[in-house]
Amino acid sequence: MRTVELLLDEAAERAVREAWRRLADAGLPSQARHRSPTNSPHITLAACPELTAPIRWELAEVAAALPLPVRCTGVVRFERPTSVLAWALELDSALDGMHRRVWEAVASDSAPEALNPFHRPGHWAPHITLGRSRRAGVFADRRIPELLPAPPQSARVTILRSYDTETGALEVLEPRP
């Protein structure tokens, strides 16, 4: 699979990495333990089996709209199928529009059953993952907000990239010249 992700500005990335560190120091699941050099704080917009030429063409237009301001709204937890702790993002019209364009791009040249239904417009919950575990409810009974730094009230997403889950390769998706 190929993900389509947004990367954060440097200050927001530092805040996320600090949250990762604090979770790890408390013995909780944390993205800090994911040691891959490709591990960066990000917002996943969609995933598809392949970035075909038509998908790439559309994603180049999306990349041209960056940077884009985003706003963290607080801590959120998901239980699907893994336990996830994240900072939620406000789904304003600009972020919603960007997400819809990415979704339409990947859906235009991918089999519907190959797409993650959690990424579908109307179901997508923008967030930055702080910790993840296969153990259900691992974050439910913790006083997590006390451990974490305050999420950045405002940040910017600056880069559109793709991650290949099979090869581990990263690709920055550039705007068309």
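Me: Which residues is Cys72 in contact with, leaving aside its neighbours within four places in sequence?
Reply: In this predicted model, Cys72 is in contact with Trp87, Ala88, Leu89, Ile128, Pro151, Pro152 and Gln153, once neighbours within four places in sequence are left aside.

Me: And where is Cys72 found?
Reply: Cys72 is in strand β4, which covers residues 72-80.

Me: Buried or exposed?
Reply: Cys72 has a relative accessible area of 3%. The cut-off for buried is under 20%, so Cys72 counts as buried.

Me: How far is Cys72 from Ile43 in space?
Reply: The C-alpha atoms of Cys72 and Ile43 are 12 Å apart, and the two are 29 residues apart in sequence.

Me: Let's step back. How many helices and strands are there in the chain?
Reply: The chain has 4 helices and 8 strands. Their pattern along the sequence is β-α-β-α-β-β-β-α-β-α-β-β. The radius of gyration is 16 Å, close to the 16 Å that the globule rule gives for 177 residues, so the chain is as compact as a globular protein of that length.

Me: What box do the C-alpha atoms fill?
Reply: Roughly 45 × 30 × 30 Å, taken along the principal axes.

Me: What share of the residues counts as buried?
Reply: Of the 177 residues, 46% count as buried. The chain exposes about 9100 Å², and carbon and sulfur atoms supply 51% of that area.

Me: What about the largest nonpolar core, how many residues has it?
Reply: That core has 44 residues. Those with the most contacts inside it are Val4, Leu6, Leu59, Leu130 and Leu160.

Me: Take Leu160. What is it in contact with?
Reply: Beyond its neighbours within four places in sequence, Leu160 is in contact with Val4, Glu5, Leu6, Leu45, Leu59, Val62, Ala63, Leu66, Glu171, Val172 and Leu173.

Me: For the chain, what share of contacts with a separation of 6 or more is between residues 24 or more positions apart?
Reply: Such pairs account for 77% of those contacts.

Me: New topic. Which residues does a cis peptide bond join?
Reply: Leu66 and Pro67, with omega about 0 degrees. Pro67 lies in the loop between α2 (53-63) and β3 (68-70).

Me: How accessible is Pro67, and what does it touch?
Reply: Pro67 has 43% relative accessibility and counts as partly exposed.

Me: Where does Ser30 lie?
Reply: Ser30 is in the loop between α1 (10-25) and β2 (42-48).

Me: Is Ser30 buried or exposed, and what does it touch?
Reply: Ser30 counts as buried, at 7% relative accessibility. Leaving out residues up to four places away in sequence, Ser30 touches Trp20, Arg21, Leu23, Ala24, Leu130 and Gly131. Leu130 is also among the residues with the most contacts inside the largest nonpolar core.

Me: And Asp25, buried or exposed?
Reply: Asp25 is exposed, with a relative accessible area of 57%. Asp25 is found in helix α1. The C-alpha atoms of Asp25 and Leu147 are 9.6 Å apart, although the two are 122 residues apart along the chain.

Me: Last one, on charges. How far apart are the mean positions of the positive and negative ones?
Reply: They are 7 Å apart, for 22 positive and 22 negative charges.

Methods:
Residues numbered from 1 in each chain as written. Predicted model: local features only at pLDDT ≥ 70, side-chain atom pairs only at ≥ 80, totals over all residues. Heavy atoms only, no water. Helix = DSSP H or I, 4+ residues; strand = E, 2+ residues; numbered from the N terminus. Rg over C-alpha atoms; globule rule 2.2 N^0.38 Å. Buried < 20%, exposed > 50% of the residue type's maximum accessible area, 1.4 Å probe, protein only. Contact = heavy atoms within 4.5 Å. Areas by Shrake-Rupley, 256 points an atom, 1.4 Å probe, with all protein chains shown as cover. Lys, Arg positive; Asp, Glu negative; His and termini not counted. Charge placed at Lys NZ, Arg CZ, Asp CG, Glu CD. Core = buried A, V, L, I, M, F, W, Y, C linked by side-chain atoms within 4.5 Å.
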